[in-house]
Amino acid sequence: MRMYDVIKKKRDGGELTHDEIAFAVKGFTDGSVPEKQMSALCMAVFLQGMSDRECACLTGEMAASGDMLDLSEFGELTADKHSTGGVGDKTTLVLAPMCAALGMKVAKMSGRGLGHTGGTVDKLESIPGFSTDLSATRFTEQVRNVGIAVAGQSADLAPADKKLYRLRDECAEVESIPLIASSIMSKKLAAGSKNIVLDVKCGDGAFMKTPEDARALAEAMVKIGTAHGRRMAAVITDMDSPLGEGIGNSIEVNEAVELLRGGGPDDLRELCVTVCALLCWMCFGKTEDEGRRMAEDVLDSGRAYESFLEWIKAQGGDTGVFANDGLLPVAETVIPVKAESDGYVSITGCERIGIAALYLGAGRKNPGDEIDRTAGIILRRKHGDRVSKGDVVLEMYASEVSDVEAAKAELGECIRVTDHAPESFPVVKDIIVY
């Protein structure tokens, strides 16, 4: 078999066989297929697309290119959630202990933030002592004993995807739904969970800007997972406004803790309850109403918060910071942004709020950059809220490395006060199951 013939076949609109896809992935991973030829194949896929069968084959081969976690000892109760990334998305911090408190086994690999999207690993590492560097043995033991383990993604997990993503990024081949879906799902398959819910963000602060693109990506990923024997569901969720009120690492941990204690913002609670209810259906066979009641009860009873503390302690985190209703410290320099007139808050640039938080020190411009986990933004008023002149709309929490003027410039373009209430949308736009 020649890579030349595989490229030509896809370039001309043909459907690749499993053997042809396996040849390309294995060859690219071991170096026998050069980058220029793999890039050519990716461009052919970018232009011609892939069938559902091709996507499933590509995903399976990328997943099998490295380690595959064996969670079979936990039977049908393993649960995982993946988000496509957004501003203020701290869902895992709430959802994982909810699921564990209900008897599910949450074995999750998470990443760091880049650009305007935050990373779960960075948020968790805001907690003193918390470590996401877990050996395979310790990871499995913690899932067995605590019900949750969240680790940084291993370099040995789907290495073909890591290598391929870098190439796609360099060669303008990122925005291809078959390649995006295969990339995400290769890591989910390798991580081993039986039940997977995908949170596909849609809007200005998301990678997928339109409902049509978000749905196409969600359906492609659900089909891939189903083809590989996983129970799958997806939610399309709003990212025209930040999720919750806090953007930043310690700030988002604090907001998650407040929700687990019975407070917190309504949109974050609704998303966590919806996803948890779906996982109750997938793991326990519950109806939608039964699943929602279970999810709401585990939050309101405090059991999810107890599970959170057990999880944090198991991974070395200092739970003492949360004693007596305590929270993580945030940056001491606080800069309020006030309404200049009476009216309604209108957010028209969610991504720019994330970029503003990056300028304040909460995010990375490049993968290796250091971040200040105490920096960020808290929205004191949300999209559509009524305000009077002089009311605080948001607060910037600035670090020593902050570029406050750049942050202000970003915020000035995306948060306004208008005479009429802007149109608002529910946080959960659609649910996809097969």
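Mentor: Accessible areas here come from the Shrake-Rupley method with a 1.4 Å probe. This is a predicted model, and its chain exposes about 17800 Å² by that method.

Trainee: What share of the residues counts as buried?

Mentor: A residue is called buried if its relative accessible area is under 20%. Of the 434 residues in the chain, 54% count as buried.

Trainee: How many helices and strands does the chain have?

Mentor: The chain has 16 helices and 13 strands. Its radius of gyration is 22 Å, close to the 22 Å from the globule rule for 434 residues, so the chain is as compact as a globular protein of that length. Along the principal axes, the C-alpha atoms fill a box of roughly 70 × 45 × 40 Å.

Trainee: What part of the contacts comes from residues 24 or more positions apart?

Mentor: Among contacts with a separation of 6 or more, such residues account for 79%.

Trainee: How do I read a sheet, and what is the strand order in the open sheet of 3 strands?

Mentor: Strands of a sheet pair through backbone hydrogen bonds, either parallel or antiparallel. In this open sheet the order is S10-S8-S12, and the pairing is antiparallel. Strand S10 (386-387) and strand S12 (415-418) are at the edges with a single partner strand each, so one side of each has no neighbour in the sheet.

Trainee: How many bridges join S8 to S12?

Mentor: Strand S8 (residues 343-347) is joined to S12 by 4 bridges.

Trainee: Which strands pair with S9?

Mentor: Strand S6 (residues 246-248) is joined to S9 by 3 bridges, running antiparallel. Gly246 has Ile378 as its bridge partner in S9. Strand S11 (residues 392-398) also pairs with S9 in the antiparallel sense, over 4 bridges. There, Gly376 has Tyr397 of S11 as its bridge partner.

Trainee: Are the faces of S9 covered or uncovered?

Mentor: Both faces are covered. Gly376 and Ile378 lie on one side, Ile377 and Leu379 on the other, and all are buried.

Trainee: Where is Gly363 found?

Mentor: Gly363 is in the loop between helix H15 (350-362) and strand S9 (376-379). Leaving out residues up to four places away in sequence, Gly363 touches Ala357, Leu358 and Ile371. Gly363 and Val345 are 18 residues apart in sequence, and their C-alpha atoms are 25 Å apart in space.

Technical notes. Residues are numbered from 1 along each chain as its sequence is written. This is a predicted model: local features need pLDDT of at least 70, side-chain atom pairs count only at pLDDT 80 or more; totals for chains, interfaces and linings use all residues. Side-chain values use heavy atoms; hydrogens and water are left out. Helices (H or I, at least four residues) and strands (E, at least two) are DSSP runs, numbered from the N terminus. The radius of gyration is taken over C-alpha atoms; the globule rule is 2.2 Å times the number of residues to the power 0.38. Buried means under 20% relative accessible area, exposed over 50%, partly exposed in between (1.4 Å probe, protein chains only). Contact means heavy atoms within 4.5 Å. Two strands pair if DSSP finds at least two bridges between them.
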